[in-house]
Amino acid sequence: MTAAERSAPAARSAALEWIGVGKRVGGRELLRDVTLAVPRGSISALLGARGAGKSLLLRLALGLERCDRGSVALLGRDPAGAQRVECARLYSRIGVVFTSGALFGDWTVARNVGFQCAQVQRQPAAEVARAVRESLLLVGLKQVEHERAGALPPGARQRVALARAIAHRPELLLLDDATAELDPIGAEALLSLVVQLRERLGLTVLAATREPSAALRIADQVALLHDGRITAAGSADEIRRDPDPALQQLLGGRAHGPIAP
Amino acid sequence: MSAFRQGTLALVAESGRRLLGDSLVAVAAASALAAAGLALAAARSTADLGFVAASARLWVRQLAPLVAALVAAARLGPALAGELGAMRVGDQIDALVTLGGDPRRQLVVPRVIAAFAALPALAALADAVGLAIGGGIAAGIAGAPAARAALDGFARGDVLSGLARASLSGVALAAIGCALGLAVRGGAPEVGRAAARAGGASLLAVLALQLLLGLGAPA
């Protein structure tokens with residue numbers, strides 16, 4: 001069975017799919033034959049150590065990089081091969097939260113959160129203001145619209161980044177190690193918000209993370225990316241029982257094992 | 001006004017304010033020094049007031065915009081390369097793209113417009129400071145007729161020509177800084193390298209532009 005045939009049933013219900021993806025960066029083969037699907041309506045976690053290639057996989061999905069081999073289907077389309085207008089349309093159906101939040105620090109919170117509505121969809125100012133207010137309320141922030149985004153504490157910054165990602169009501173939310181720079185309380189709060197938002201907005205969520213506890217707690221399905229491949233995948237319970245040495249090393253937080261510290 | 005226009009105008013204003021704030025004192029000081037040197041040479045070397053008038057014309061047409069552009073080259077190009085490079089490293093550019101934005105339209109164009117508008121303001125400052133200092137020195141050495149010759153030595157068209165040169169320099173400087181900033185790949189050291197490259201490239205661009213626009217031609 002070919003990769004395409006194997007993925008055919010998944011493709012019908014997948015919000016995001018990588019099929020046989022390979023990618024070399026700087027002469028190193030970082031991804032080899034990665035095939036993975038994110039079912040619609042699910043919270044999926046892409047688990048992997050630092051440098052495993054999680055962000056690269058997301059960048060390929062978003063069309064920010066091109067695959068050397070294989071293909072990507074983001075809501076049924078490969079953004080790398082799409083025209084700018086089509087790409088913008090596709091991006092209007094997704095939201096992304098980056099590791100550092102990637103907010104524009106000199107801008108106000110409102111300008112950051114309302115960016116897509118104002119600058120891309122060109123909605124009237126009143127509608128943009130309403131979308132900003134509603135999104136900030138959804139992430140538990142009040143009366144911060146006029147504050148400079150860069151002046152907020154890290155936890156609030158990530159919430160603002162989350163508000164920006166959902167302001168245009170996307171179908172798919174991608175989190176690229178979004179809790180990596182937060183303290184445990186901030187990380188827990190953000191993850192709880194993501195779970196709530198999935199329910200309230202009917203989102204599909206993919207969280208790339210190096211935190212096994214976070215992945216196992218919130219995700220319906222977890223996949224481990226190790227050595228450029230998906231080496232384990234399944235529900236949280238299946239993952240806990242999986243004997244994959246890299247997975248067990250990551251779950252146990254051990255220094256010795258196939259993952260180099 | 002739509003939120004889109006508000007956002008774009010805010011970016012233009014912000015970039016322009018930053019550029020002017022950074023460069024006003026430096027342009028004033030550089031203009032004072034350069035004009036003083038020119039006026040001393042012009043007033044001492046000859047009793048011909050025509051030479052004083054030609055110096056004043058040379059100042060507003062070519063030297064004042066050059067002073068403004070050189071000061072801006074030292075600050076604007078590296079600042080923009082550093083700013084956009086940091087945005088690249090900090091994922092803001094990618095965030096903007098995945099929000100459906102266009103970095104060229106939303107980040108580069110407002111900065112180019114700001115530089116297009118701000119450089120003539122700097123050149124006008126250089127004009128004013130240079131004429132005041134230079135005219136004062138010429139009057140001190142050669143008397144009031146020298147000052148009058150300096151002020152009568154140029155026409156409005158000369159001033160406008162100088163301001164237009166400054167605008168073109170602003171566009172070139174902003175374009176260089178933004179292009180090198182957006183091209184950053186990697187981490188913080190790459191941002192530093194891009195800023196340094198932008199400084200060198202900006203200086204060369206200003207000089208090349210002045211040559212192209214006829215710096216060598218007699219005023």
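Which residues of β5(A) are buried on one side, and which on the other? I94(A) and V96(A) are buried on one face, G95(A) and V97(A) on the other, and both faces of β5(A) are covered. Here, buried is 20 or more other C-beta atoms within 10 Å of a residue's own, exposed is 12 or fewer, partly exposed is in between, and C-beta atoms are placed from the backbone. In a regular strand, side chains alternate between the two sheet faces.

A word on the source: this is a predicted model, where local features need pLDDT of at least 70 and side-chain atom pairs count only at pLDDT 80 or more, while totals for chains, interfaces and linings use all residues. Residues are numbered from 1 along each chain as its sequence is written, with chains lettered from A and ligands numbered from 1 in the order in which they are written.

Now to the sheet. Six strands form an open sheet in chain A, ordered β5-β6-β7-β3-β8-β9 with mixed pairing. Because β5 (94-97) and β9 (229-234) of chain A are at the edges with a single partner strand each, one side of each lacks a neighbour in the sheet. Strands (E, at least two residues) and helices (H or I, at least four) are DSSP runs numbered from the N terminus, and two strands pair if DSSP finds at least two bridges between them.

The pairing of β5(A) with β6 (residues 172-176) of chain A is parallel, over four bridges. Along it, G95(A) stands opposite L173(A), and V96(A) faces L174(A).
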